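Dear colleague,

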Amino acid sequence: RLAANLQLPPLDPRVARLAQTMTAAAGTDLERARAIERHLRNGYGYTLELPKVEMAHPLENFLFVRKKGHCEYFASAMVALLRTLGIPSRMATGFQSGIYNPITDLWLIRASDAHSWVEVWLPALGWTTFDPTPPDPNPPDLGFGTRLNLYLDAADTFWQEWVVSYDPGHQGTLADKLQQGAGRLGIRWFDSLSGAESSWAQHLSAWFQLYGLRILAILGFSSFLWLFG
């Protein structure tokens, strides 16, 4: 099964020699993996810009000519270098943690959070994760634009949750919150309306569907003016 994680296409002989050079001082497969990870992170640069022309041998171009690229270049290069040393490895893809939105208490995962890393088979540890990609020298701005996106994301979440997906379960949750709030305020007459909660919630849903988007747009524009005012 591990043999599939040792397969390689025809490569420039320089790739195997580079792997030997990077790991010359390493004594174990773990040390070899760490050495290659460290050399790629420290000796190469991160960029999202693609080469202006398509390369016949993109791996060799990355390792010996351009020496910069995005995470897929780094992960695939590390896998190729390790496999030339007879160390089973594979590239994994997924998403990084994203940005926490305190308004919705949810994590915002964007397409820009997509990432590639490397998993290496080490007999004593099993599949072990390595990340040879260096940090982005131009990280995303966490200023006004990010804060505005969090508010817009919260508005969209609210719209999807309480308008588009509004169902009897949401009706019960909203009615329960209203009843608890009325109880805290000492409004005893709210109990007499319990039989009309479902009808009231349906009217509220219909009202939101008619006017909710307009209200959210007004609130968003008002927040924009307030932040820039």
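**Helix packing and a hairpin**

Helix α2, which covers residues 29–43, packs with helix α4, residues 71–84, at an angle of about 145 degrees, and their axes lie 10 Å apart. Please keep in mind while reading that this is a predicted model. Where α2 passes α4, the crossing is right-handed. On the α2 side the residues that meet the partner helix are A33, I36, E37 and L40, while α4 brings F74, M78, L81 and L82. Sorted by class, this contact of α2 with α4 holds 7 nonpolar residues and 1 charged residue, with no polar ones.

Helix α4 also packs with helix α3 (residues 58–66), in this case at an angle of about 95 degrees and with the axes 10 Å apart. Because angles from 65 to 115 degrees count as roughly perpendicular, α3 and α4 are therefore roughly perpendicular to each other. The contact involves P58, L59, F62 and L63 from α3, together with Y73, F74, S76, A77, A80 and L81 from α4. Of the residues in the contact of α3 with α4, 9 are nonpolar and 1 is polar, and none is charged.

Turning to the strands, β6 (residues 114–122) and β7 (residues 126–130) run antiparallel and are joined by 5 bridges. The two strands β6 and β7 form a hairpin, with 3 residues between them. Which residue stands opposite W127 in β7? That residue is W121.

Note on methods: Residues are numbered from 1 along each chain as its sequence is written. This is a predicted model: local features need pLDDT of at least 70, side-chain atom pairs count only at pLDDT 80 or more; totals for chains, interfaces and linings use all residues. Side-chain values use heavy atoms; hydrogens and water are left out. Two strands pair if DSSP finds at least two bridges between them. Helices (H or I, at least four residues) and strands (E, at least two) are DSSP runs, numbered from the N terminus. Axes are lines fitted to C-alpha atoms, for helices over the stretch in contact, and angles run from 0 to 180 degrees between N-to-C directions. A crossing is left-handed if the near helix is turned anticlockwise from the far one by less than a right angle, and right-handed if clockwise. Contact means heavy atoms within 4.5 Å. Ala, Val, Leu, Ile, Met, Phe, Trp, Tyr, Cys and Pro count as nonpolar, Asp, Glu, Lys and Arg as charged, and the others, Gly among them, as polar. Angles under 35 degrees count as roughly parallel, over 145 as roughly antiparallel, 65 to 115 as roughly perpendicular and the rest as oblique.
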